[in-house]
Amino acid sequence: MENAKRILIVEDSPTVVEHMKMLLKNSNVKVLNAGSEFGMMQSIESYGKLVDLILMDLTLKTENGMDLIRNLRSNDRYKELPIIIITEHVSKNLILEARELKVRGYLKKPIQKETFLDRIYEVVGNVSIIPRNTDTGSGGQTSEEKKKEEPVKSE
Amino acid sequence: MIDFDKFIVEEMEATKEEIEPLYLIYSSEMDDMISQLSEASDLGDADTYKRLLHNVKGINANMRIDVITNPVAEIYQALLAGNTVDLKDSTDNISSIFAKVKAEIAEYFSN
């Protein structure tokens with residue numbers, strides 16, 4: 001795929017990774033996965049600045065996703081790297097912390113296809129191969145659901 | 001037990017053939033998770049057990065397998081609230097439900 005965007009999924013459940021890959025199957029993206037065999041941080045750094053976006057699960061089996069983001073942001077190379085967090089619970093404190101770390105948005109688990117793709121396209125541009133229906137722009141969500149999953153503003 | 005059509009056709013917009021690898025990965029990961037739950041239960045390690053339950057809940061919620069997500073969420077909440085939970089009974093229960101789910105998946109993809 002020419003000019004494919006590269007998305008790094010930092011998630012240690014093979015099922016969730018495969019699910020996300022399948023959701024992106026009609027998009028011009030190359031999906032990479034950070035494995036935990038040698039530690040997530042090392043795995044993320046091995047991809048360096050080659051990625052256009054990181055999808056970071058906050059509740060990894062052996063590590064804390066927010067600590068990994070903090071670690072990344074402390075390195076000049078990754079200060080501006082777009083990151084979207086994936087979490088089950090969203091709290092005010094989490095949003096404040098995410099803003100401080102310049103996180104570009106969040107996705108609530110369980111993953112919903114339309115919201116998942118919308119969030120990603122907001123960051124890397126619409127890379128859908130198959131034209132998507134943009135009539136509603138909400139993927140059938142109610143305004144309340146949409147509001148709950150608003151991106152973290154980082155002004 | 002599992003609404004395959006709703007998840008595969010409506011949500012994933014995939015064919016049966018395209019989605020099969022996802023269910024194979026799911027089944028394999030669940031086998032592994034149940035072994036780990038059993039180990040944590042034998043050791044009486046409630047913290048590890050709770051963390052594993054959280055993962056099991058997440059995986060099954062993503063796959064829309066409510067027959068596992070809901071009871072696991074209940075056990076998880078009970079542990080979070082500090083209630084006494086028989087970890088062995090809990091593991092046996094999850095394992096028994098998963099065995100039925102796995103059989104249903106095998107049957108669905110064999111047709």
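**K102(A) sits in the loop between α4 (92-100) and β5 of chain A.** Helices and strands here are DSSP runs numbered from the N terminus (H or I over at least four residues for helices, E over at least two for strands). Phi of K102(A) is near 55°, a positive value in a residue that is not glycine. With 15 other C-beta atoms within 10 Å, K102(A) is partly exposed. With C-beta atoms placed from the backbone, a residue is buried if 20 or more others lie within 10 Å of its own, exposed if 12 or fewer do, and partly exposed in between. As this is a predicted model, local features need pLDDT of at least 70 and side-chain atom pairs count only at pLDDT 80 or more, whereas totals for chains, interfaces and linings use all residues. Residues are numbered from 1 along each chain as its sequence is written, while chains are lettered from A and ligands numbered from 1 in the order in which they are written.

**E13(B) also has a positive phi, about 50°, without being a glycine.** Look for E13(B) in the loop between α1 (4-11) and α2 of chain B. E13(B) counts as partly exposed, with 14 C-beta neighbours inside 10 Å.

**A cis peptide bond joins K109(A) to P110(A).** Its omega is near -5°. P110(A) belongs to the loop between β5 and α5 of chain A.

**Five strands of chain A form an open sheet, in the order β2-β1-β3-β4-β5.** The pairing is parallel, and two strands pair if DSSP finds at least two bridges between them. β2 and β5 (105-108) of chain A stand at the edges with a single partner strand each, so one side of each has no neighbour in the sheet. Neighbouring strands are turned by 20° against each other on average, direction ignored.

**β1(A) and β2(A) pair in the parallel sense over five bridges.** K5(A) has V29(A) of β2(A) as its bridge partner, and I7(A) stands opposite V31(A). Five of the six residues of β1(A) are buried, so the rest of the structure largely encloses this strand. A handy reminder for this view: in a regular strand the side chains alternate between the two faces of the sheet.

**α5(A) lies across β1, β3 (53-57), β4 (83-87) and β5 of chain A.** Against β5(A), the helix runs at about 165°. Angles run from 0 to 180 degrees between N-to-C directions, and axes are lines fitted to C-alpha atoms, for helices over the stretch in contact.

**I54(A) is one of the residues that touch the most other members of the largest nonpolar core.** α2(B) gives the largest share of the core, seven residues. A nonpolar core is a set of buried Ala, Val, Leu, Ile, Met, Phe, Trp, Tyr and Cys residues joined through C-beta atoms within 7 Å. Leaving aside neighbours within four places in sequence, I54(A) is in contact with L8(A), V10(A), L81(A) and I83(A). Contact means that two C-beta atoms, placed from the backbone, lie within 7 Å.

**α1(A) is mostly covered, with seven of its 10 residues buried.** These are T15(A), V16(A), V17(A), E18(A), H19(A), M20(A) and L23(A). In chain A they pack against β1 (5-10), β2 (29-33) and α5 (113-124), and in chain B against α2 (16-43) and α3 (46-62).

**At the interface, 14 residues of chain A are in contact with 15 residues of chain B.** Helix α1 (residues 14-23) of chain A gives the most to its chain's side, with six residues. By class, the chain A side has five nonpolar, four polar and five charged residues. Ala, Val, Leu, Ile, Met, Phe, Trp, Tyr, Cys and Pro count as nonpolar, Asp, Glu, Lys and Arg as charged, and the others, Gly among them, as polar.

**In chain B, the axes of helices α4 (residues 66-80) and α5 (residues 87-110) come within 10 Å and cross at roughly 170°.** That makes α4(B) roughly antiparallel to α5(B); angles over 145 degrees count as roughly antiparallel, under 35 as roughly parallel, 65 to 115 as roughly perpendicular and the rest as oblique. From α4(B), the contact uses V67(B), I68(B), P71(B), V72(B) and I75(B). α5(B) brings S90(B), N93(B), I94(B), I97(B), F98(B) and V101(B). The contact has nine nonpolar, two polar and no charged residues.
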